[in-house]
Amino acid sequence: MDNVKYLKIMDKDKEIGKIPDSGDPIENVKRYTQFLKDENIFVKLSQTKLMFKQARSFAKIAKDIHSKSLFKPPFDHEASAPFVVNSAFACEMYLKALQSVYGEPEGIHNLSQLFKHLPNKLKDKVNKLTKEKSITFQLNNKTLFKDHLKTISNAFIDWRYIYEKDSATVNLSVILLILTVLDTLACNEIKQT
């Protein structure tokens, strides 16, 4: 009798194979990757798509924090800093992913500067999306994206050390708008690469 445990490899809710479970997660990843390569279904993602996936993962965590702790009373004010930090980092990664579609992403963290160096045709798309999506977040649709972005331009650095400040404020709706606009634009731009 075979005592080896197997891990199922799934694709769209359908089992496509099995690998022996080594008991070591790192070894299992290697076995999983080798299985995909052996079956000619391994896809190596570009740096742009990896940045995009990372942006989405941090945005998802930020939105989860918002929905669980900041959306309706009682508010968990201790969740504010993790929400802002994860949101700001997601924005940075979205902007760098968008930059990489048109060249090299910059090694800076200031969101306004990253946005400033996007191609004008991309900025036009961002402003159009901002105008469309502002109503969803009950924000003025005449405010440009760059003006919204200024409010959190250094948030990744500032909010990690928020305990050093006397006080700080952010508009949660503005952050959610920025995340939505950047995700929508990145989905459209990056799938074409």
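Strand S1 (residues 6-11) and strand S2 (residues 14-20) run antiparallel and are joined by six bridges, where strands are DSSP runs (E, at least two residues) numbered from the N terminus, as are helices (H or I, at least four), and two strands pair if DSSP finds at least two bridges between them. Lys-8 stands opposite Lys-18 in S2, and in the hairpin of S1 and S2, which has two residues between the strands, Lys-12 takes a positive phi near 55°. The model is predicted, so that local features need pLDDT of at least 70 and side-chain atom pairs pLDDT 80 or more, while totals for chains, interfaces and linings use all residues. Residues are numbered from 1 along each chain as its sequence is written, and side-chain values use heavy atoms, with hydrogens and water left out.

By the rule that a disulfide is a pair of cysteine sulfur atoms within 2.5 Å, the count comes to zero disulfides. The sulfur of Cys-91 is too far for a bond, because the closest cysteine sulfur, in Cys-187, is 14 Å away.

The table gives relative accessible areas, computed with a 1.4 Å probe and protein chains only, where buried means under 20%, exposed over 50%, and partly exposed in between.

| Residue | Relative accessible area | Class |
|---|---|---|
| Cys-91 | 0% | buried |
| Cys-187 | 24% | partly exposed |
| Leu-50 | 41% | partly exposed |

Leu-50 is found in helix H2 (residues 47-70).
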